[in-house]
Amino acid sequence: MVKEFAGDVADKTVFDLYCGTGTIGQIMAEAGSKKVIGIELIEEAVVAANENAKRNHLENCTFLAGDVLKMVDELKERPDLIIVDPPRDGIHPKAIGKIIAFGAPEIVYVSCKPTSLARDLEIFQQEGYQVERVKLMDMFPRTVHVETICLLSKVNPNK
């Protein structure tokens, strides 16, 4: 679903924040992204992501270990697309401002907790993003948990 929401990523720079083992980022890299940069807090997941990218002969993606809140400060590229798949508590309040500051024309937000998603979407909307599309997936049958994927677009991408 993330690939569907991201659309054509050919020649785009993609940030995959809270990337885990890099599955989504590698899908974007394979789909022709110019460059994919993933950030994940858990070092073992980042090691696995880089190993998987190497095994899949993907040279257009790099995965970095560290806290998104701090690591986004080190990114010099300007993303065309940002994918966020944060933990259940959502994006750290200080990190969300840094993510918005990149001014990416599109953001795909993957959420496993509707209340934190709603809180974060309110902030994105206040900062000039609008919700274009939403889709739910029940990945955990017989539980109250549901994955939600949202496509956000910048209302005035040149600002």
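Let's start with Phe140, which is partly exposed at a relative accessible area of 36%. By that I mean the class between buried, under 20% relative accessible area, and exposed, over 50%, using a 1.4 Å probe and protein chains only. You'll find Phe140 in the loop between strand E6 (129-137) and strand E7 (147-154). Helices (H or I, at least four residues) and strands (E, at least two) are DSSP runs, numbered from the N terminus.

A quick word on the source. This is a predicted model, where local features need pLDDT of at least 70 and side-chain atom pairs count only at pLDDT 80 or more, while totals for chains, interfaces and linings use all residues. Residues are numbered from 1 along each chain as its sequence is written, and side-chain values use heavy atoms, with hydrogens and water left out.

Now, the sheet. What is the order of its seven strands? It is an open sheet with mixed pairing, and the order reads E3-E2-E1-E4-E5-E7-E6. E3 and E6 are at the edges with a single partner strand each, so one side of each has no neighbour in the sheet. Two strands count as paired if DSSP finds at least two bridges between them.

Let's zoom in on strand E2 (residues 35-40), where five of the six residues are buried. Strand E1 (residues 13-17) runs parallel to E2, joined by five bridges. In that pairing, Thr13 sits opposite Lys35, and Phe15 sits opposite Ile37. E2 is also joined by five bridges to strand E3 (residues 61-65), again in parallel, and there Glu40 has Ala65 as its bridge partner. The chain gets from E2 to E3 through helix H3 (residues 43-55), in a right-handed β-α-β crossover. E1, helix H2 (residues 23-30) and E2 make a right-handed β-α-β unit too. Right-handed here means that, with the strands pointing away from the viewer, the path from the first strand over the helix to the second runs clockwise.

On to charges. Side chains of opposite charge can pair when their charged atoms come close. How many salt bridges does the structure hold? There are five, each one a side-chain nitrogen of Lys or Arg within 4 Å of a carboxyl oxygen of Asp or Glu.

Glu77 is in the loop between helix H4 (68-71) and strand E4 (81-84), so to speak a distant part of the chain, 42 residues from Lys35. Glu77 is partly exposed at 28% relative accessibility, and Lys35 is partly exposed at 30%.

Glu4 and Lys135 meet in another salt bridge, 3.8 Å from N to O. Glu4 belongs to helix H1 (residues 2-6) and Lys135 to strand E6, so this pair ties together parts 131 residues apart in sequence. Arg133 joins these two in a network of salt bridges.

Finally, Asp120 and Arg119 pair at 2.9 Å, N to O. Asp120 is buried at 1% relative accessibility, whereas Arg119 is partly exposed at 38%.
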